[in-house]
Amino acid sequence: VQLVESGGGLVQPGGSLKLSCAASGNIFSINTMGWYRQAPGKQREWIASITSGGRTNYGDSVKGRITISRDNAKNTVSLQMNSLKPEDTAVYYCNAEIRSLMTSWYDNYWGQGTQVTVSS
């Protein structure tokens, strides 16, 4: 099982960016999916999550500016980010609780991260 993010890059302040994450491998089911970020010299920060039923939660630092969504049929999760600020610059990581075909429990998986830089 692996998670692969895409969509990072350089964007100007006030701009928008959409990140995507695809889970692949021998997947039985996926529980909660989410996004974290880590800025240089800072701890990894949770910013959003979505349950398999579509219930969403957002961190205070991004609430109102981002939207998380998922496609259960495609095992993907996306993060639409608007009104980006320089302080949003970070490596963004996808996270998911996945039960593989070989287990009867859920394990926590991480993507490799994608860089988002907000700068003029």
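Visitor: Which hand is given to the link of Cys-21 and Cys-94 about the S-S bond?

Guide: The link of Cys-21 and Cys-94 is left-handed, with -80 degrees about the S-S bond. Please note that the model is a predicted one.

Visitor: How do you know that Cys-21 and Cys-94 are joined by a disulfide?

Guide: A disulfide requires two cysteine sulfur atoms within 2.5 Å. The S to S distance of Cys-21 and Cys-94 is 2.1 Å, so the pair meets the definition. The structure holds one disulfide.

Visitor: What does the pair of Cys-21 and Cys-94 tie together?

Guide: Cys-21 belongs to strand 3 (residues 17-24) and Cys-94 to strand 9 (residues 90-100), so the pair ties together parts that are 73 residues apart in sequence.

Visitor: Are Cys-21 and Cys-94 buried or exposed?

Guide: Cys-21 is buried, and Cys-94 is buried as well. Across the chain, buried residues make up 41% of the 120 residues.

Visitor: Which elements does the chain have, helices or strands?

Guide: The chain has 11 strands and zero helices. Read from the N terminus, its elements run β-β-β-β-β-β-β-β-β-β-β.

Visitor: What makes the chain as compact as a globular protein of that length?

Guide: The globule rule gives 14 Å for 120 residues, and the radius of gyration of the chain is 14 Å, close to that value; the chain is therefore as compact as a globular protein of that length. The C-alpha trace spans about 45 × 25 × 25 Å along its principal axes.

Visitor: Why is Gly-8 called partly exposed?

Guide: The term covers relative accessibility between the 20% limit for buried and the 50% limit for exposed. Gly-8 has 34% relative accessibility, so Gly-8 counts as partly exposed.

Visitor: Where is Gly-8 placed, and which residues does Gly-8 touch beyond four places away in sequence?

Guide: Gly-8 is in the loop between strand 1 (2-6) and strand 2 (9-11). Beyond four places away in sequence, Gly-8 touches Leu-17, Leu-19, Thr-114, Gln-115 and Val-116. The C-alpha atoms of Gly-8 and Gln-115 are separated by 5.3 Å, although these residues are 107 residues apart along the chain.

Visitor: What share of the contacts with a separation of 6 or more comes from residues 24 or more positions apart?

Guide: Such residues account for 56% of those contacts in the chain.

Terms used. Residues numbered from 1 in each chain as written. Predicted model: local features only at pLDDT ≥ 70, side-chain atom pairs only at ≥ 80, totals over all residues. Heavy atoms only, no water. Helix = DSSP H or I, 4+ residues; strand = E, 2+ residues; numbered from the N terminus. Rg over C-alpha atoms; globule rule 2.2 N^0.38 Å. Buried < 20%, exposed > 50% of the residue type's maximum accessible area, 1.4 Å probe, protein only. Contact = heavy atoms within 4.5 Å.
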